[in-house]
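Biologist: Can you walk me through this one? I'd like the sheet and then a few residues.

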Amino acid sequence: GLGLAVLAAVLMSCSNSSGQLPEGLPGQSITGPDGVTRAFVWIPTSSGGLGATTSQSYQIWIENTRFASTVLVAEAYKTDGFRLSWTSEDLLEICYADARIYRFVSGVDFATEHSKESKTVEIVLRRVRSLDVCNGGA
């Protein structure tokens, strides 16, 4: 049922949060104003053997070098891509014209066990008619 699917998605996102990128190709990459947080699009090349009927999936990851952590924040298919932009130091906007987004987290907390230092990034989705309207252009 739906409960199991949701649980599976949560478990999968937890297992991916260690920063294990699947095989794939890099898309847009944009470093935040703090200089240590980077958001990037990743296009996995292995579609899990689902065949040509499924559309290419796209992933969006956030990496923080200070905390040595990379987290998967969004995954979608049936899309012509995304435009990422930092609207402030702690706010990432994911802009898209068309997509089936099946995984999305609205925030990421980076922290270390040994220090009280932490970093929170909030993530917002912005749907537009055309990718040309997104911040940051092509």
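Modeller: We'll take the sheet, then some side chains, then the backbone. This is a predicted model, where local features need pLDDT of at least 70, side-chain atom pairs count only at pLDDT 80 or more, and totals for chains, interfaces and linings use all residues. Residues are numbered from 1 along each chain as its sequence is written, and side-chain values use heavy atoms, with hydrogens and water left out.

Biologist: Fine. In what order do the five strands of the open sheet run?

Modeller: The order is 1-2-3-4-7, with antiparallel pairing. Strands are DSSP runs (E, at least two residues), numbered from the N terminus. Two strands pair if DSSP finds at least two bridges between them.

Biologist: Which strands stand at the edges?

Modeller: Strand 1 (24-31) and strand 7 (100-104). Each has a single partner strand, so one side of each is left without a neighbour in the sheet. On average, neighbouring strands of this sheet are turned by 25 degrees against each other, direction ignored. The axes there are lines fitted to C-alpha atoms; angles run from 0 to 180 degrees between N-to-C directions.

Biologist: How many bridges join strand 1 to strand 2?

Modeller: Six, and strand 2 covers residues 37-44. Gly 24 has Pro 44 as its bridge partner in strand 2.

Biologist: Switching to Thr 37. Buried or exposed?

Modeller: Thr 37 is buried, at 0% relative accessibility. Buried means under 20% relative accessible area, exposed over 50%, partly exposed in between (1.4 Å probe, protein chains only). Thr 37 sits in strand 2.

Biologist: What does the Thr 37 side chain make a polar contact with?

Modeller: The side chain of Asn 64, at 2.9 Å. Another polar contact, of 2.7 Å, joins Thr 37 to the side chain of Asp 34. A polar contact is a pair of N or O atoms within 3.5 Å; within protein, one must be able to donate a hydrogen and the other to accept it, and residues adjacent in sequence count only if both atoms are side-chain atoms.

Biologist: And where is Lys 119?

Modeller: In strand 9 (residues 118-127). Lys 119 counts as buried, at 9% relative accessibility. Its side chain makes a 2.7 Å polar contact with the side chain of Asp 90. Lys 119 also touches Thr 37, among others; contact means heavy atoms within 4.5 Å.

Biologist: Backbone now. What is phi of Lys 78?

Modeller: Near 50 degrees, a positive value in a residue other than glycine. Lys 78 lies in the loop between strand 4 and strand 5 (83-88). Lys 78 is partly exposed, at 48%.

Biologist: What about Ala 68?

Modeller: Ala 68 has a positive phi of about 50 degrees. Ala 68 is in the loop between strand 3 (58-64) and strand 4 (69-77), and is exposed, at 71%.

Terms used
Helix = DSSP H or I, 4+ residues; strand = E, 2+ residues; numbered from the N terminus. Lists of a residue's contacts leave out its neighbours within four places in sequence.
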